[in-house]
Amino acid sequence: MVVDDQVMVRAGLAAIVGSQDDLEVVGEAGDGAAALALAAVAEPDVVLMDIRMPGMDGLTATAHLTAGERPPRVLVLTTFHQDAYVFQALRAGASGFLLKDAEPAELIAAIRVVAGGDAMLSPAVTKRLIDAFATGAFTSAPEGDPRLGTLTPRERDVLVSLAQGLSNAEIGAALGIATGTVKAHVNALLPKLGVRDRVQATIVAYDLGLVRPR
């Protein structure tokens with residue numbers, strides 16, 4: 001589903017997506033409220049979401065969409081790259097963040113990545129996220145956050161390694177466990193933290209103070 005208040009932008013995005021044999025545009029909306037109503041009927045797997053729109057903005061719409069029982073994956077597309085938008089979109093539950101000046105091939109690749117259950121950040125956005133962690137732009141969660149108590153010691157170890165950017169294979173090698181076991185721990189800790197992917201889990205790890213910038 002494509003959500004953008006500019007008709008020409010929506011048409012362009014829909015054309016790019018529709019050019020792929022394995023992708024289909026199930027609906028278009030011009031604002032956040034319309035997107036919520038349409039998503040309830042069309043049940044898209046992925047939503048391409050603009051941020052600045054009249055009425056309900058994309059950040060608010062993303063938070064509502066991702067809070068549902070069968071939430072779609074939300075890929076935020078915007079011309080704005082200020083840190084606040086990146087952080088708010090990720091905290092709202094977005095699975096990816098791509099600037100609108102990305103090439104069509106990048107957009108298609110990003111859609112497939114988030115549809116597959118992974119997170120997608122453009123290189124520029126990734127750098128800003130890392131810089132924010134390094135400068136302490138993210139505030140830590142209150143001491144004694146209940147989310148910590150839900151994790152087993154091994155899950156906490158996996159979360160810390162994950163937040164440091166290690167792959168499942170690298171985590172397994174570091175902790176002396178099989179890659180399949182690491183994947184099982186990741187799948188177990190994500191719902192405990194109330195997140196759906198590794199990017200969200202990394203943010204939580206920094207919020208909880210489990211990981212500090214080097």
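These exercises explore salt bridges in a predicted model.

**Exercise 1.** How many salt bridges does a search of the whole structure find, and which residue does K100 pair with?

*Solution.* Begin with the total: the search finds seven salt bridges. Now turn to K100, whose partner is D50, with the closest N and O atoms 3.4 Å apart. K100 sits in the loop between β5 (96–99) and α5 (104–115), while D50 sits in the loop between β3 (46–49) and α3 (58–66). They are 50 residues apart, and the pair links distant parts of the chain. Finally, look for a network: D4, D50 and K100 are linked in one.

**Exercise 2.** Are D197 and R73, a salt-bridge pair, buried or exposed?

*Solution.* First check the contact: the closest N and O atoms of D197 and R73 are 3.6 Å apart. D197 lies in the loop between α10 (179–193) and α11 (198–207), and R73 lies in strand β4 (residues 73–78), 124 residues apart. Then recall the cut-off, which is that buried means under 20% relative accessible area. D197 has 3% relative accessibility, so D197 is buried. R73 has 10%, so R73 is buried.

**Exercise 3.** Which helix holds both R154 and D157, and how many residues apart are they?

*Solution.* Start with the bridge: R154 and D157 form one, and their closest N and O atoms are 3.7 Å apart. Both belong to helix α8 (residues 153–163). They are three residues apart, which means about one helical turn separates them.

Conventions: Residues are numbered from 1 along each chain as its sequence is written. This is a predicted model: local features need pLDDT of at least 70, side-chain atom pairs count only at pLDDT 80 or more; totals for chains, interfaces and linings use all residues. Side-chain values use heavy atoms; hydrogens and water are left out. A salt bridge is a side-chain nitrogen of Lys or Arg within 4 Å of a carboxyl oxygen of Asp or Glu. Helices (H or I, at least four residues) and strands (E, at least two) are DSSP runs, numbered from the N terminus. Buried means under 20% relative accessible area, exposed over 50%, partly exposed in between (1.4 Å probe, protein chains only).
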